[in-house]
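Thanks for coming. I will take one structure today and go through it part by part. Please have the sequence and the model open.

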Amino acid sequence: MPQAPAFLRESSKGLRPPAETKGGREMIGFATLPEQVHRKTVKRGFDFTLLVVGEAGLGKSTLVNSLFLTELYKDRKIPTVESLVKKTVEIEKKTVEIEEKGVKLRLTVVDTPGFGDGVDCADDWKSVERYVDEQFNKYFQDESGLNRRNIQDHRVHCCLYFVPPYGHGLRQLDVEFMKRLHRKVNIVPVIAKADTFTKGEIAKLKANLLRDIEVNKIKIYQFPDCDEDEDEEFKQQDRELKASIPFAVIGSNCIIEVAGKRVRGRQYPWGIVEVENAAHCDFVKLRTMLISTHMQDMKEVTQDIHYENFRAQCISQMHVALKERNKLRRDSISLTADAKPIITPANADDAGKLLEQKDEEIRRMQEMLSQMQQRLQGQELPGGPPPNKPPKPAHFGSSGGRHGGPSAQMEGGQQNVFEYQL
């Protein structure tokens, strides 16, 4: 009878068969972990929330449609001048699912119509800050609850802040907004309508914006450093992206034919501006940074830095509130103890003396009452009037009149003398 192979004999004894070999080295199998994570992540899908802030007419909606090749604002109406006089900041949220090569992305774009459009726009940042805090608070409550498996992540991962093309730097509204939000969201400054500048003007405006950001100590989104094992092409791309901040962009939803090619751009009397041409604007660099290279890093920064700061602040406030409540409880217990004193062995003797004094006082009062009753009983004579009743008045004779005589006869044979003086 032929003998079984060695690995079968070992497996019958409880031993595993030898691992696969590749290039003369045994392989265990954990090299497939990235594939497992990839399959699970692709099945679950990805979430990304983009906040777009800027004045009306800067091309925010057009840029978003150009970035993701979709129509998010089909039914938008252009506001009139009268409606912008008392315009308040609103929050509009639109969610769309995009699929590319089997990967699903749930994109949420949060727009802020009315920002910077009113006459008094000093407090326009409050609505945006309130919305960001609400999303953090909602995620914190879901994370602290019992059902943590199906948490919907609506936190803002990136904020595209549009700087108007007119001006020579940041306005007071821009500075105030960035200083209020730079610790809660990743801010990426964007120069709108870059086709209104020459190359020299764009370079000068970028330098002014970076100077204003540094002077006002504003922290915009910082690109992570490249690893040493990255290839030179990726490092060069990273250097170009860092040098392009703030991005000067142009948006367009029109397809124009140029030299036999269909491109997305704008046509002017002096020529055609191509949106996806790196020589005309930074649209391609912004899309590469936002979608291809740093989308996951923005989500991690939001989770590890911005949300953790908010979470630590909430826990600190809860701890302070708990301490205050415990203090109030201790104060109420002490007040109750003062109202009802507890007799301890230290003051038991004093309490006993007080009780004895009270008993002695009660006995003395009882003796006084008994003596008074005896005196009242001893004053009552047989045949005489009770002591509490006044004596009856005397009866005068007919000869006495009002001044009829010195004496009068009383009942019981007793004579009393009554003197009357006018």
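In general, side chains of opposite charge can pair when their charged atoms come close.

Before going on, some ground rules. This is a predicted model, in which local features need pLDDT of at least 70 and side-chain atom pairs count only at pLDDT 80 or more, while totals for chains, interfaces and linings use all residues. Residues are numbered from 1 along each chain as its sequence is written, and side-chain values use heavy atoms, with hydrogens and water left out.

Now the overall picture. The protein chain has 422 residues, and 31% of them count as buried. Buried means under 20% relative accessible area, exposed means over 50%, and partly exposed is in between, with a 1.4 Å probe and protein chains only. The chain contains 11 helices and 13 strands. Helices (H or I, at least four residues) and strands (E, at least two) are DSSP runs, numbered from the N terminus. A contact means heavy atoms within 4.5 Å. Among contacts between residues at least 6 apart in sequence, 65% join residues at least 24 apart.

Next, the sheet. An open sheet is formed by 6 strands, in the order β4-β5-β3-β6-β7-β8, with mixed pairing. At the edges are β4 (92-100) and β8 (247-248), each pairing on one side only. Two strands count as paired if DSSP finds at least two bridges between them.

Is Cys159 buried or exposed? Cys159 counts as buried, because its relative accessibility is 0%. Leaving out residues up to four places away in sequence, Cys159 touches Leu51, Val53, Phe177, Val185, Asn186, Ile187 and Val188. The C-alpha atoms of Cys159 and Thr49 are 8.8 Å apart, although the two residues are 110 residues apart along the chain.

That brings me to the core. A nonpolar core is a set of buried Ala, Val, Leu, Ile, Met, Phe, Trp, Tyr and Cys residues joined through side-chain atoms within 4.5 Å. The largest one has 72 residues, and Phe48, Leu160, Tyr161, Phe177, Val188, Leu286 and Met289 have the most contacts inside it. Helix α5 (residues 125-144) gives the most to this core, with 7 residues. As for Tyr161, its contacts, not counting residues up to four places away in sequence, include Val53, Phe115, Phe177, Ile187 and Val190.

Now helix α6. Its buried residues are Leu173, Asp174, Val175, Phe177, Met178 and Leu181. They pack against β3, α5, β6 and β7. The same helix holds Arg180 and Glu176, 4 residues apart, about one turn of the helix. These two form a salt bridge, with the closest N and O atoms 2.9 Å apart. Arg180 is partly exposed at 39% relative accessibility, and Glu176 is partly exposed at 22%.

How many salt bridges does a search of the whole structure find? The search finds 16. One of them joins the side chains of Glu129 and Lys184, at 2.9 Å from N to O. Glu129 lies in helix α5 and Lys184 in the loop between α6 (172-181) and β7 (187-191), so this pair ties together parts that are 55 residues apart in sequence. Glu129 counts as buried, at 17% relative accessibility. Lys184 also forms a salt bridge with Asp133, where the closest N and O atoms are 3.1 Å apart. Asp133 is in helix α5, so the pair ties together parts that are 51 residues apart in sequence. Asp133 counts as partly exposed, at 22% relative accessibility.

That is the end of my part.

Methods. Salt bridge = Lys/Arg side-chain N within 4 Å of Asp/Glu carboxyl O.
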